[in-house]
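Biologist: Could you take me through the salt bridges of this model, looking closely at the residues that form them and at how accessible those residues are?

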Amino acid sequence: KEFCFIETRTEGPVAFIELNRPEVLNALNRGMVAEILGAMEDFDRAEDVRAIVLSGKGRCFAAGADIDEMAAAESIDMELLNQFTDWDRLAWIKKPIIGAVHGFALGGAFELALCCDLLFSAEDAEFGFPEVLLGVMPGAGGTVRLTKLAGKTKAMEWLFTGKRISAKEAREFGIVNQVFARETLMEETARYARELAKMPPLSVRFIKESVLKAIDASIYEGMQFERKNFSLLFSSEDQKEGMKAFIEKRKAQFKGR
Ligand code: HXC
């Protein structure tokens, strides 16, 4: 498929989506967000794809939503655009999404990074919500996801001032899983994605669903949900194969069924 603002490819079971407007530091216009979602949904349905890697071309992951596109807007324009339905669709992607961030991940781009299931970053990564400096605030889940992840204390501090968060600090606060040298970030991310792709896909799928559910649900509700998914896996061929392989002391061959 031809895209204007992103580039996609697959390498075996791993799909890659690269933000590709390097001349404006991959500023996310609404067309780009729609393309990201289109690609994600295609990969989510593609039987051979087991993991999706999201990264940015050029100097950085992305410097946020496209300010030129928003500058003249009025509230009612923003409301009628209904642009956040695309972001909502992101939450329904079932396959694991791994973000790989180098350089800036600001504003909407930080929000996009926070939507990933796993986040790897380069040592030079700088996260932040500079919206306050533009007289606005995050609108695609930033105040919510950052607060749930890092807690109220740091969220307020970072959001009030737009102060940037280094890779090291992001790691400390559980925002990123691992930090790599700039030169090895993509290689290490791809390596992780290939390992993840070897896991039984239905287990990974239901684990993702259950963990995301747990963020929002009470312990009771989360556990009910977990239990149903646990039971459901016992009608998969991979459960039979996984347990049989253990008993026969051999390596399991998973099929995703
Ligand atoms: C539009 C942008 C942009 C953006 C950079 N550019 N960020 N264009 N929207 N968010 C453009 C610049 O205008 C410039 O174009 C080119 O990219 C290179 O950027 P420079 O500023 O020259 O680079 P540098 O001096 O290195 O500074 C990098 C930077 C700075 C610190 C990241 O660009 C910056 O502060 N950008 C804005 C960051 C921001 O406020 N993001 C939040 C946006 S609001 P020209 O044509 O001059 O070369 C948001 C709300 C989300 O995200 C709401 C939900 C969707």
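Modeller: The side chains of Glu241 and Arg250 meet in a salt bridge, with 2.8 Å between N and O; in this predicted model, Glu241 is buried, with a relative accessible area of 16%, whereas Arg250 is partly exposed at 34%. Side chains of opposite charge can pair in this way when their charged atoms come close.

A second pair is formed by Lys163 and Glu157, whose closest N and O atoms are 2.9 Å apart. Here Lys163 is partly exposed, with a relative accessible area of 38%, and Glu157 also counts as partly exposed, at 31%.

An α-helix has 3.6 residues a turn, so residues three or four places apart point the same way. Of this pair, Glu188 is partly exposed with a relative accessibility of 21%, and Arg191 is partly exposed with a value of 41%.

Helix α9, which spans residues 185–197, is also among the elements that cover the buried residues of α10, and those buried residues are Val204, Phe206, Lys208, Glu209 and Ser210.

Besides these pairs, Glu7, Arg9, Glu11, Glu18 and Lys57 are linked in a network of salt bridges, and a search of the whole structure finds 24 salt bridges.

Technical notes
Residues are numbered from 1 along each chain as its sequence is written. This is a predicted model: local features need pLDDT of at least 70, side-chain atom pairs count only at pLDDT 80 or more; totals for chains, interfaces and linings use all residues. Side-chain values use heavy atoms; hydrogens and water are left out. Buried means under 20% relative accessible area, exposed over 50%, partly exposed in between (1.4 Å probe, protein chains only). Helices (H or I, at least four residues) and strands (E, at least two) are DSSP runs, numbered from the N terminus. Contact means heavy atoms within 4.5 Å. A salt bridge is a side-chain nitrogen of Lys or Arg within 4 Å of a carboxyl oxygen of Asp or Glu.
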